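Could you look this one over with me? My notes on the fold are below.

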Amino acid sequence: MDVSDSAPNDGSSTPLVFLHGWLDSRHTWDLVLPHHISSHHRIISVTFRGWGDASHDGTYSIDAYATDVIGLLESLSLSVPAVLVGHSMGTLVATAVAARAPDRVAGLILVGAAATMRPEHVLDPSDGTTCADIATMCHGWVTDGVDEDVLKSFQLDELTPFVKDGSTPQTFADQVMIETLKADARAYGECWQSMLDENHTTELATINTKVLILWGSNDVIFVEEDQIALQAALCNADVWRVTVDGASHGVLWTHAPKVAAAMVDFLAAVTDRIDPK
């Protein structure tokens with residue numbers, strides 16, 4: 001893993017561990033952190049193996065990444081448990097970690113999340129492309145070369161209008177593609193395949209922390225049906241739901257102030273639970 005760890009705080013605030021989504025890196029959170037997040041918490045941002053500037057070796061899967069994160073938490077000198085903050089693929093890793101290492105997790109913030117990825121879910125009604133079809137395509141890139149046009153479309157089609165109206169900086173959109181294209185060719189297909197194959201939904205009932213589920217109403221990857229199923233699976237957690245109207249799967253890129261505001265409110269409640277005043 002490639003890990004960025006801010007200067008340790010005095011132990012009075014909850015440390016946050018940020019986990020990115022498919023195609024991304026720890027820089028995916030760069031627009032959110034300045035909004036009263038990085039100044040109040042120890043920030044530990046992770047890039048999973050196979051992505052960004054992390055090493056290109058080993059197994060690229062939800063289970064492997066969860067094991068990596070648990071190992072990271074064990075190695076850090078944290079005076080209190082951490083809140084895991086995940087986006088997309090990172091939410092699957094976060095819930096696996098919370099279920100398997102509950103003593104190290106104080107809460108979860110799940111952005112663009114699901115309990116599991118449904119292979120039959122149609123991503124593009126115009127041509128019937130399903131989640132399963134994406135895996136087949138990406139596996140072919142190992143031998144045939146990465147299709148950069150597909151990656152650009154996946155990452156930027158929904159982001160571009162927000163760049164044009166000034167909501168998202170062009171420099172950030174450029175950085176998104178730079179990070180996307182750093183990945184090991186294996187990672188594109190193996191991680192997507194892992195999201196299809198791996199299903200730890202039954203483990204979610206063991207999570208009893210506070211959980212924030214934050215979702216954009218225009219998300220076509222993990223849709224409202226997935227949010228309902230995720231909340232149902234987290235049957236013993238204290239679940240908060242926040243919907244950002246008009247936002248897509250990349251809500252953290254297009255509506256960063258709203259995402260940060262919801263996080264700040266949630267983190268205040270988590271901190272009170274850990275260290276009641």
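Here are my points on the sheet and the helices.

1. Ground rules first: this is a predicted model, with local features needing pLDDT of at least 70, side-chain atom pairs counting only at pLDDT 80 or more, and totals for chains, interfaces and linings using all residues. Residues are numbered from 1 along each chain as its sequence is written, and side-chain values use heavy atoms, with hydrogens and water left out.

2. Seven strands form an open sheet with mixed pairing, in the order β1-β3-β2-β4-β5-β8-β9. The edges are β1 (2-5) and β9 (238-244), each pairing on one side only. Strands (E, at least two residues) and helices (H or I, at least four) are DSSP runs, numbered from the N terminus, and two strands pair if DSSP finds at least two bridges between them.

3. Inside the sheet, β2 (residues 16-19) runs parallel to β4 (residues 82-87) over four bridges. Leucine 16 has valine 83 of β4 as its bridge partner.

4. Two helices lie on strands, by contact (heavy atoms within 4.5 Å). Helix α9 (residues 224-233) covers β5, β8 (210-216) and β9, at about 175 degrees to β8. Axes are lines fitted to C-alpha atoms, for helices over the stretch in contact, and angles run from 0 to 180 degrees between N-to-C directions.

5. Helices α3 (residues 131-139) and α8 (residues 185-197) pack at about 155 degrees, axes 8 Å apart. They are therefore roughly antiparallel (over 145 degrees). Contact residues include Ile134 of α3 and Trp192 of α8.

Definitions and conventions: Angles under 35 degrees count as roughly parallel, over 145 as roughly antiparallel, 65 to 115 as roughly perpendicular and the rest as oblique.
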